[in-house]
Amino acid sequence: MAHQNMTASTIGSRALATALDAVSAMGQTGHTMTPKSPNTVMLNSASQRNDLGEDKIRQIFVAMIEAEQ
């Protein structure tokens, strides 16, 4: 049983290392993680800077994200 746990642990460690390498590589190429839709803080910040409503800001944000895919 201990051998099976060690194997699962090793596999988990390798998967984590691979994921961390991928995230690190994204930063090196200038890519960042961006949510698919704006959160409350983002919406509040944008609405304070212009007269657009939250729905319009969300539509613009989503359109920009979709254009990059």
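This is a predicted model: local features need pLDDT of at least 70, side-chain atom pairs count only at pLDDT 80 or more; totals for chains, interfaces and linings use all residues.

Reader: Which elements does the chain contain, and in what order do they run from the N terminus?

Author: The chain has three helices and zero strands. Read from the N terminus, the order is α-α-α.

Reader: What percentage of the residues counts as buried?

Author: Of the 69 residues in the chain, 7% are buried. The accessible surface amounts to about 5900 Å², and carbon and sulfur atoms account for 59% of that area.

Reader: How do the axes of helix 2 and helix 3 cross?

Author: Helix 2 spans residues 40–49 and helix 3 spans residues 54–68; their axes come within 10 Å and cross at roughly 110°. Angles of 65 to 115 degrees count as roughly perpendicular, and therefore helix 2 is roughly perpendicular to helix 3. The crossing of helix 2 past helix 3 is right-handed.

Reader: Which residues make the contact?

Author: Helix 2 contributes Met-42, Leu-43, Asn-44, Ala-46 and Ser-47, while helix 3 contributes Glu-54, Ile-57, Arg-58 and Phe-61. By class, the residues of this contact comprise five nonpolar, two polar and two charged.

Reader: Let us turn to a single residue. Why does Ala-63 count as partly exposed?

Author: Ala-63 lies in helix 3. Partly exposed is the class between under 20% (buried) and over 50% (exposed); Ala-63 belongs to it because its relative accessibility is 43%.

Reader: What separates the C-alpha atoms of Ala-63 and Lys-36?

Author: A distance of 9.9 Å separates the C-alpha atoms of Ala-63 and Lys-36, although these residues are 27 residues apart along the chain.

Definitions and conventions
Residues are numbered from 1 along each chain as its sequence is written. Side-chain values use heavy atoms; hydrogens and water are left out. Axes are lines fitted to C-alpha atoms, for helices over the stretch in contact, and angles run from 0 to 180 degrees between N-to-C directions. Helices (H or I, at least four residues) and strands (E, at least two) are DSSP runs, numbered from the N terminus. Angles under 35 degrees count as roughly parallel, over 145 as roughly antiparallel, 65 to 115 as roughly perpendicular and the rest as oblique. A crossing is left-handed if the near helix is turned anticlockwise from the far one by less than a right angle, and right-handed if clockwise. Contact means heavy atoms within 4.5 Å. Ala, Val, Leu, Ile, Met, Phe, Trp, Tyr, Cys and Pro count as nonpolar, Asp, Glu, Lys and Arg as charged, and the others, Gly among them, as polar. Buried means under 20% relative accessible area, exposed over 50%, partly exposed in between (1.4 Å probe, protein chains only). Accessible areas come from the Shrake-Rupley method with a 1.4 Å probe; for residues, only the protein chains shown count as cover.
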